[in-house]
Amino acid sequence: MAYWQVNKIKYIGPHQSLKSDLGFQYYNPEEIIGGKKMKDWLRFSVAYWHTFDQRLVDPFGDGTAIRPYDKYSDPMDQALAKVDAAFEFYDKLGVNYFSFHDRDLAPEGDTLRETNQNLDKIVDKIVEYQKTTGMKVLWNTSNLFNNPRFVAGAATSPYADIFAYSAAQLKHSLEIGKRVGAENYVFWGGREGYESLWNTDMKREQEHAARFFQMAKEYAKEIGFQAQMLLEPKPKEPTTHQYDFDAATTIAFMKEYNLDQDFKLNLEGNHANLAGHSYQHEIRVARTAGLLGSLDANQGDKLIGWDIDEYPSNLYETVAAMYEVVQEGQIGPHGGLNFDAKPRRSSFEPNDLFYGHIVGMDSFAAGLRVALKMKADHVLEDIINERYNSYNSGIGAQIEAGTVNFTDLEKYSLDKTQAQLRAATHSDHLEQIKDTINHYIIETLN
């Protein structure tokens with residue numbers, strides 16, 4: 001049976017209509033751009049939890065979503081129907097990857113043994129679909145935050161039984177990752193933080209988290225699961241403070257506990273905003289540290305104070321993100337763009353899921369086109385090289401070479417006049433740079 005009443009989404013090109021339709025205007029998957037196919041630059045992935053499980057609830061309202069598999073009342077029957085609906089969706093959208101939590105796929109039983117049996121039944125069906133469709137898993141992960149047992153965290157829980165259960169749940173999730181050929185495995189510490197420091201042993205909790213990650217890597221190696229391990233930063237919500245606050249904090253944690261050789265970062269736009277950063281900032285921090293792994297594609301609302309996971313539509317932000325990717329040459333060794341995004345509560349019809357992915361895919365495809373054009377023209381490279389030109393020779397070159405000390409620099413500076421120092425600086429012309437970027441966006445996409 002057909003679950004989605006749409007035809008396969010195709011590239012129709014720009015200028016066909018100003019009105020959005022069920023077609024891509026900028027995403028042309030087979031087009032060679034920047035030396036490789038567009039689909040290989042972007043590697044789009046559908047998030048199982050938001051696309052097929054999300055009921056469009058918000059903190060003040062019940063779910064509004066209408067989904068074609070709602071007719072099934074038995075949880076396992078519905079879970080099996082979702083697999084059919086999901087693979088039809090992937091085919092019609094034209095993506096090659098999807099991502100999931102273990103608890104997205106199947107309902108829990110009373111024991112972990114029962115839960116694993118439910119999960120294995122669904123995974124059996126997914127694997128069969130993979131054989132006939134070629135669909136791949138960008139990453140999988142374990143939901144260690146929803147159930148009330150995780151009220152105080154999982155790896156950072158003060159209760160040893162919860163740590164043990166979390167490890168056992170994760171063990172099976174890693175085994176599933178190997179079965180479905182997941183290219184990455186993501187750890188998102190949904191409740192790995194604290195509500196109050198008055199009752200928290202922060203150092204002990206962080207040590208527990210580090211040991212949890214180390215055991216996960218050890219077991220993945222034991223079973224031959226070679227996926228890239230990824231940590232996903234988020235500053236707060238639902239906890240007051242989460243230990244993986246942002247890219248820089250997470251990198252410091254990784255280095256302190258010797259995890260940086262085995263783990264990289266999975267970054268999300270909305271999480272960056274909650275941390276007080278731009279998405280570009282977080283990607284820059286990760287890639288300059290050599291730890292960019294993969295990206296979650298969404299955006300937040302600057303006027304709303306929580307993680308709304310909106311489909312990305314801000315072209316300025318997608319250009320900035322893709323500029324970092326173009327500079328890197330890829331989204332991590334095995335990374336992609338996973339749509340950790342959902343429609344608004346008022347967009348509740350099934351087709352809204354297609355429109356959401358279309359705007360996200362077109363926005364990042366447009367960002368890629370603009371970023372590659374800017375790189376080809378050396379727009380920002382020339383500006384940056386000129387700005388730091390004083391370090392290419394003279395005293396600047398000596399500073400970078402480490403051949404001068406404070407005494408040398410004092411001797412160099414003592415008789416410099418204020419006029420000479422002022423003349424050593426130049427205007428950044430930042431407004432001109434932003435205007436230039438706007439021109440590139442408009443010209444490239446017209």
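These are my notebook entries on a predicted model of one chain.

**Ground rules.** I number residues from 1 along each chain as its sequence is written.

**Overall fold.** I looked up the secondary structure and found 17 helices and 14 strands; these are DSSP runs numbered from the N terminus, helices (H or I) of at least four residues and strands (E) of at least two. I checked the radius of gyration, taken over C-alpha atoms, against the globule rule of 2.2 Å times the number of residues to the power 0.38. For 446 residues a compact globule would have a value near 22 Å, and the 24 Å of the chain agrees with that. The C-alpha trace spans about 85 × 60 × 45 Å along its principal axes.

**Burial.** I count 49% of the 446 residues as buried, where buried means under 20% relative accessible area, exposed over 50% and partly exposed in between (1.4 Å probe, protein chains only).

**Aromatic pairs.** I looked up the ring pairs and found 29. Rings of Phe, Tyr and Trp (its six-membered ring) pair if their centres lie within 6.5 Å; planes under 30 degrees apart are stacked, over 60 edge-to-face and the rest tilted. Tyr90 and Phe98 are stacked, with 5.0 Å between centres and 20° between planes. I note both Tyr90 and Phe98 as buried. Tyr185 and Phe225 form an edge-to-face pair at 6.4 Å centre to centre and 90° between the planes. Tyr185 sits in strand E8 (residues 184-188) and Phe225 in the loop between helix H7 (202-223) and strand E10 (228-232), so this pair ties together parts that are 40 residues apart in sequence. Tyr185 is buried at 0% relative accessible area, and Phe225 is buried at 5%. I also listed one aromatic cluster, whose members include Trp4, Tyr48, Tyr90, Phe98 and Phe354.

**Backbone exceptions.** Most residues other than glycine have a negative phi, and most peptide bonds are trans. I found a cis peptide bond between Glu237 and Pro238, with omega about 15°. Pro238 is in the loop between E10 and strand E11 (241-242), and Glu237 is placed in the loop between E10 and E11. Glu237 has a positive phi, near 70°, and is partly exposed at 26% relative accessible area. Asn258 has a positive phi of about 55°. I place Asn258 in the loop between helix H8 (247-256) and strand E12 (263-268); Asn258 is exposed at 60%.

Methods: Predicted model: local features only at pLDDT ≥ 70, side-chain atom pairs only at ≥ 80, totals over all residues. Heavy atoms only, no water.
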